[in-house]
Amino acid sequence: MNAGAGLLRAIDEPSPAELGPDFTGMLERLGGPAILRVAGRDRRRCRLVVTLLHGNEPSGAAAVHAWLRERRVPPAVDAAFVIASVSAALLAPRFTHRLLPGTRDLNRCFLGPFDDASGELAAAILAAIEAARPECVVDIHNNTGRNPPYAIGTGLDRPRLRLAALFAHRYIHSELRIGSLMEAAATAPCITVECGRAGDPESVGVAQRGIERLLASDDIEAIPADGLDILHSMVRVRARDGLRLAVSDARHPDADLTVTHDIDRHNFERLAADTVLGWVEPEAGWPVEAHDATGRDRSRDLFYVDGDGHLRARGSWIPIMMTTDPVIARQDCLFYVVEPLTHPT
Ligand SMILES: [Zn+2]
């Protein structure tokens, strides 16, 4: 294995003792980032699952643990599981830290720079993928708002759509460059799966059923990619840097921008024009930015602030990944805006 992959502890054919009774026990035994490998019927091929890039998104690790504990027959091909932010996940209170305090968001580090702790781990994961030469890569996450399961990828090609169909009925085509794994894993088709909310047993079920299908199939090219709703990701909406942000059912007295507390019920719905999304303090100035894949700020095409300080939707559009977690909203973004793709190429 490439020297850069040394940050990942490699465990071949993990035993029940190494896995522990539950996935928390598995993470305690791992103690840090790891790659778990299982031999398949066809040793010439490999499929690779990455999860726990974010420490507060444990459903993928729980599903990997369940798959490893419950499997009775070898997978169709070799399987490898990268479990990444184990330290952030185990930091008390457990599964509440997206990243270790003082570090960069690991899933924003895959395009470099690679010279700090998160960058080095990102480089080690890329090196492990390169060494494994997988025929596909699936990166499993949770999100914090109410969303159905969906997959995201950088292309509209059949291999990515097939992978998406293993896990979800919705696929987001994204050309945004934010440094996530799927943008950097160039040697094999790679998708991100958002399997639902952390802590919801159904999210583990989505991940586990998807992993089971991924690893049981002799030929992933035989998986049908039909019936997916395909959406195109347009922009990433963030609060402007330095704004005081709150989530509430009324204007918060100490916030520059208050986001409505039930904003996430609109995920994957077409918002009616003029929908109220929050409140803005008059002195705070323009509250949001919304960059598209070309880097252009589209926020004034998508929002306006009315005379009473309401932040409203300009026109009708579809938000996804709206979060009501102010920490995530500040660390990452408020939501993305997508459009249905009517003519997939
Ligand atoms: Zn995530």
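Is glutamate 281 buried or exposed? At 19% relative accessibility, glutamate 281 counts as buried, because buried means under 20% relative accessible area. The views below come from a predicted model.

**View 1. Glutamate 281 and its surroundings.**
Glutamate 281 sits in the loop between strand E12 (276-280) and strand E13 (288-292). Setting aside residues up to four places away in sequence, glutamate 281 touches Arg251, Ala255 and Asp256. With arginine 251 there is also a salt bridge between the side chains (3.7 Å, N to O). This pair links distant parts of the chain, 30 residues apart. Arginine 251 belongs to the loop between strand E10 (245-248) and strand E11 (257-260). Arginine 251 counts as partly exposed, at 34% relative accessibility.

**View 2. Where domain 1 meets domain 2.**
In contact across the boundary are 20 residues of domain 1 and 21 residues of domain 2. The size of an interface is often given as the accessible area lost when the parts come together. Here the area buried between domain 1 and domain 2 is about 1,600 Å². Carbon and sulfur atoms give 57% of that area. On the side of domain 1, Thr144, Arg146 and Leu176 lose the most area to domain 2. Together these three residues account for 35% of what that side buries.

Side chains of opposite charge can pair when their charged atoms come close. Four salt bridges are found across the interface of domain 1 and domain 2. Arginine 146 forms a salt bridge with aspartate 264, and the closest N and O atoms are 2.8 Å apart. The interface of domain 1 and domain 2 also has nine residue pairs in polar contact. Two elements give two or more residues to the side of domain 1 that touches domain 2: strand E7 (170-174) and strand E8 (190-197). E7 provides the largest share, four residues. By class, this side of domain 1 has six nonpolar, seven polar and seven charged residues.

**View 3. Helix H2 under cover.**
Helix H2 (residues 23-30) is mostly covered, with six of its eight residues buried. The buried residues are Phe23, Thr24, Gly25, Met26, Leu27 and Leu30. What do the buried residues of H2 pack against? They pack against strands E1 (9-12), E2 (34-38) and E4 (77-83), and against helices H1 (16-19), H3 (59-70) and H4 (86-90). Just after H2 comes glycine 31, which takes a positive phi of about 75 degrees.

**View 4. Helix H6, enclosed.**
Helix H6 (residues 158-167) has seven of its 10 residues buried, so the helix is largely enclosed by the rest of the structure. Its buried residues are Arg160, Leu161, Arg162, Leu163, Ala164, Leu166 and Phe167. The cover over these residues includes strand E5 (136-143), strand E6 (150-153), E7 and E8. Helix H8 (201-216) and strand E9 (229-239) are also among the elements that cover them.

**View 5. Two salt bridges that link separate parts of the chain.**
How many salt bridges does the structure hold? The structure holds 27. One joins the side chains of aspartate 12 and arginine 37 (2.7 Å, N to O). Aspartate 12 is in strand E1 and arginine 37 in strand E2, 25 residues apart. Aspartate 12 is partly exposed at 47% relative accessibility. Arginine 37 is partly exposed too, with a relative accessible area of 26%. Another salt bridge pairs arginine 158 with aspartate 226, the closest N and O atoms being 3.8 Å apart. Arginine 158 lies in helix H6 and aspartate 226 in the loop between H8 and E9, so the pair ties together parts that are 68 residues apart in sequence. Arginine 158 counts as partly exposed at 46% relative accessibility. Aspartate 226 is exposed, with a relative accessible area of 58%.

**View 6. Proline 74 in its loop.**
Proline 74 has its place in the loop between H3 and E4. At 41% relative accessibility, proline 74 counts as partly exposed. Leaving aside neighbours within four places in sequence, proline 74 is in contact with Ala39, Gly40 and Arg41.

Note on methods
Residues are numbered from 1 along each chain as its sequence is written. This is a predicted model: local features need pLDDT of at least 70, side-chain atom pairs count only at pLDDT 80 or more; totals for chains, interfaces and linings use all residues. Side-chain values use heavy atoms; hydrogens and water are left out. Contact means heavy atoms within 4.5 Å. Buried area is the accessible area (1.4 Å probe) that two parts lose on being put together, summed over both. A polar contact is a pair of N or O atoms within 3.5 Å; within protein, one must be able to donate a hydrogen and the other to accept it, and residues adjacent in sequence count only if both atoms are side-chain atoms. Ala, Val, Leu, Ile, Met, Phe, Trp, Tyr, Cys and Pro count as nonpolar, Asp, Glu, Lys and Arg as charged, and the others, Gly among them, as polar. Buried means under 20% relative accessible area, exposed over 50%, partly exposed in between (1.4 Å probe, protein chains only).
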